Amino acid sequence: MTWNYVTPGIPDEEFVRDEKVPMTKEEIRSILVSKLRLNKGYKVVDIGSGTGSVTIELGLLVGQNGKVYSIEKDEKALNLTRKNIEKFGLKNVKVIEGEAPKALEEIDEKVHSIFIGGSENLEENIEKAKTLLLPNGRIVIDAILIETIARALSVLSDFKVEITEAIIAKGMKTSKGYAMLSRNPIFIISAEKV
Ligand SMILES: C[S@@+](CC[C@H](N)C(=O)[O-])C[C@H]1O[C@@H](n2cnc3c(N)ncnc32)[C@H](O)[C@@H]1O
């Protein structure tokens, strides 16, 4: 299927995937993208792009005058990010190969929002991300571990913070009807520069 929409929450099956590379699921992507508060022409960063699913959502939303910097350190994941960028025909993404925060040094302009989906070097990444943000810029982090919330909060005292827990269940058709299957709860930390 060709994807002709800018609505967030692209179905998971639209992406080129590999079971060894974890992907942020479509409902979670919808929430976190809304927390990034985007507009056409915005410049955004995806730290730990994995399959590239968030990068693709961001690229479609900011449009051709916007820009997405997509950072990934793992070769297999990078390969998937590139394949998905190609599949969705995006021309507004710059893929940066390497580990943040060092890889963030390749970004030579201020940005509106930064998404952190990879938790390695989290505190350092948040500190570096702060220096790249425009006024009222936002940092959004998604996490599986409750410890990640504490780590993020330890370096966000100068930001206005909101924490959301998303608990999603999906219907699975059985012979008797739909049974709801729960997925892992995900924490979404949204922080705004004040
Ligand atoms: C949970 S996955 C991200 C999933 C991604 N949002 C998606 O939908 O496919 C986390 C990714 O972040 C990467 N990562 C973790 N810490 C990183 C860092 N400091 N710099 C660059 N990549 C990082 C990992 O290699 C992994 O691919």
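Modeller: Before we start, a word on record entries: UniProt annotations may be inferred rather than shown by experiment. Also, this is a predicted model.

Biologist: Okay! Which residues does UniProt list for "binding site" here?

Modeller: The unreviewed UniProt entry lists Thr 24, Gly 48, Ser 49, Gly 50, Thr 51, Gly 52, Glu 72 and Ala 100. From this set, Thr 24, Gly 48, Ser 49, Gly 50, Thr 51, Gly 52, Glu 72 and Ala 100 belong to the lining of the largest pocket.

Biologist: Let's pick one. Is Thr 51 buried or exposed?

Modeller: Buried means under 20% relative accessible area. Thr 51 has 1% relative accessibility, so it counts as buried. You'll find Thr 51 in the loop between strand S1 and helix H2. Leaving out residues up to four places away in sequence, Thr 51 touches Val 16, Val 21, Pro 22, Met 23, Leu 80, Thr 81 and Asn 84.

Biologist: And where does Thr 24 lie?

Modeller: Thr 24 sits in the segment before helix H1. Beyond its neighbours within four places in sequence, Thr 24 has contacts that include Asp 12, Arg 29 and Asp 142.

Biologist: Now helices. Which residues of H5 are buried?

Modeller: In helix H5, residues 146-153, those are Thr 148, Ile 149 and Ala 152. Looking down the axis of H5, the buried residues fall within an arc of 105°, so they line one face of the helix.

Biologist: What does the face turned away from the buried side carry?

Modeller: That face of H5 carries Ile 146 and Glu 147, which are exposed.

Biologist: And what covers the buried residues of H5?

Modeller: The cover includes helix H4 and strands S5, S6 and S9.

Terms used:
Residues numbered from 1 in each chain as written. Predicted model: local features only at pLDDT ≥ 70, side-chain atom pairs only at ≥ 80, totals over all residues. Heavy atoms only, no water. Buried < 20%, exposed > 50% of the residue type's maximum accessible area, 1.4 Å probe, protein only. Helix = DSSP H or I, 4+ residues; strand = E, 2+ residues; numbered from the N terminus. Arc of directions from axis to C-beta. Contact = heavy atoms within 4.5 Å. 1 Å grid on protein atoms, 1.4 Å probe; cavity = no way out; pocket = protein on both sides within 12 Å on 5 of 7 lines; lining within 4 Å.
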